[in-house]
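Q: Please show me a structure and take me through how its features are read. I would like the general idea before each case.

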Amino acid sequence: SLSTLASLAATREVLADHGLTAKYSLGQNFLVNDTIVQKIVALAELDGADRVLEIGPGIGTLTMALLKGAAHVTSIERDADLPAVLEETLAPWWDKFTLIQKDALDLQLSDLNAQAMPTKLVANLPYAVAATVVLDYFQRIDSLQSATVMVQKEVADRMAAEPGTKNYGAYTVKLRLYAQPAGRFPVSPNNFFPPPRVDSAVIRLNRRPVTDASGAPLDANVVRAACTMADAAFASRRKTLSNSCKTYFAGRGAQGGAVAQHLPELFERASIDPKRRGETLSLAEFVQLGQELLAVQA
Ligand code: SAM
């Protein structure tokens, strides 16, 4: 068995041995530079007690490095051709490795070991689902303390955007209600086989405790409501807050219609000028709007 698969020769050989080629439709761009693998592991700051969750192990290139530094690794892989490869490449670590064969977007909490939930997400993500899955896992897997993930550069820019900038949108607000950026480095296409058509970046996000203005921890349903207000505020980007929210809620059944009618009161109680635009609002202001949304719905 090899100590690393992160080279062009080793990757080509493993694929050829199994009669496989990289599948474009599954975003298969395998890492072929061990320096990048080591930088990902270093940014994730694994310690021997960590239980890592990985999406898309591929042929096991990053997985192998994770297994060397963590107590356990659980990987979710959608491609049914890969388990046979992983049985071979990860054989030395099989006792501390769990493979879940499914679409990462369909992961259920019951798929994970309830006694030993994952502490860190570390992955070279399939780009089609990257943004969605990172937010979804922070929302649903309470035990996750951080995510260190390879994504398309533009996705990293959205994850790290500040209010008032062009990349700051509903996605930024929702993700940042759960986690904050804590390091990043760029990765060029030549570090993968085959090379992707886009630039990439590895970004680390640390879970942040969500608190109200006085520092008290907020209920999960307030944070969810703040996410709804982010979707509403950015639904029509060029409109004012009030018009964008009106359109958003009016299109959401009787319950949404009731919220639409109470919007002036909602903004008044949150002390936020409804003529502002979504991109000028801070996270704290979205939390306030979330609190008032729950009050209006009660
Ligand atoms: N970790 C390997 C590496 O770094 O070389 C492979 C990374 S490759 C960019 C993405 C991996 O995600 C592939 O193995 C692909 O089959 C898998 N994948 C794609 N879509 C997926 C999904 N929806 N759920 C789980 N795995 C997926």
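Q: Which residue just after α2 takes a positive phi?

A: Helices (H or I, at least four residues) and strands (E, at least two) are DSSP runs, numbered from the N terminus. Just after α2, the residue with a positive phi is Glu45, at about 50°. This is a predicted model, in which local features need pLDDT of at least 70 and side-chain atom pairs count only at pLDDT 80 or more, while totals for chains, interfaces and linings use all residues. Residues are numbered from 1 along each chain as its sequence is written.

Q: Which residues of helix α2 are buried?

A: A residue is buried if 20 or more other C-beta atoms lie within 10 Å of its own, exposed if 12 or fewer, and partly exposed in between; C-beta atoms are placed from the backbone. In α2, which spans residues 34-44, the buried ones are Ile36, Val37, Ile40 and Ala44. Seen down the axis of α2, they fall within an arc of 105°, so they line one face of the helix. The arc is that of the directions from the helix axis to the C-beta atoms.

Q: Why does Ile36 count as buried?

A: Ile36 counts as buried because it has 22 C-beta neighbours inside 10 Å. Leaving aside neighbours within four places in sequence, Ile36 is in contact with Leu31, Val187 and Asn191.

Q: Which residues does UniProt list for "binding site"?

A: The unreviewed UniProt entry lists Asn29, Leu31, Gly56, Glu77, Asp103 and Asn124. UniProt positions are given in the numbering used here, feature names are shortened, and annotations may be inferred rather than shown by experiment.

Q: Where is Gly56, and what does Gly56 touch?

A: Gly56 sits in the loop between β2 (51-55) and α3 (61-69). Gly56 is buried because 24 C-beta neighbours lie inside 10 Å. Not counting residues up to four places away in sequence, Gly56 touches Glu77, Ala123, Asn124, Leu125 and Pro126.

Q: Where is Asp103?

A: Asp103 is in the loop between β4 (97-101) and β5 (120-124). With 13 other C-beta atoms within 10 Å, Asp103 is partly exposed.

Q: Which residues come nearest to the ligand?

A: A residue is near a molecule or strand if its C-beta atom, placed from the backbone, lies within 6 Å of it. Of the 22 residues around the ligand, Gly56, Gly58, Ala104, Asn124 and Pro126 come nearest. The shell divides into eleven nonpolar, seven polar and four charged residues. Ala, Val, Leu, Ile, Met, Phe, Trp, Tyr, Cys and Pro count as nonpolar, Asp, Glu, Lys and Arg as charged, and the others, Gly among them, as polar.

Q: How many bridges join β5 to β6?

A: Two strands pair if DSSP finds at least two bridges between them. Five bridges join β5 to β6, and the two strands run parallel. In β6, seven of its seven residues are buried.

Q: Is Trp94 buried or exposed?

A: Trp94 is exposed, with 12 other C-beta atoms within 10 Å. Trp94 lies in the loop between α4 (82-89) and β4.

Notes. Two residues are in contact if their C-beta atoms, placed from the backbone, lie within 7 Å.
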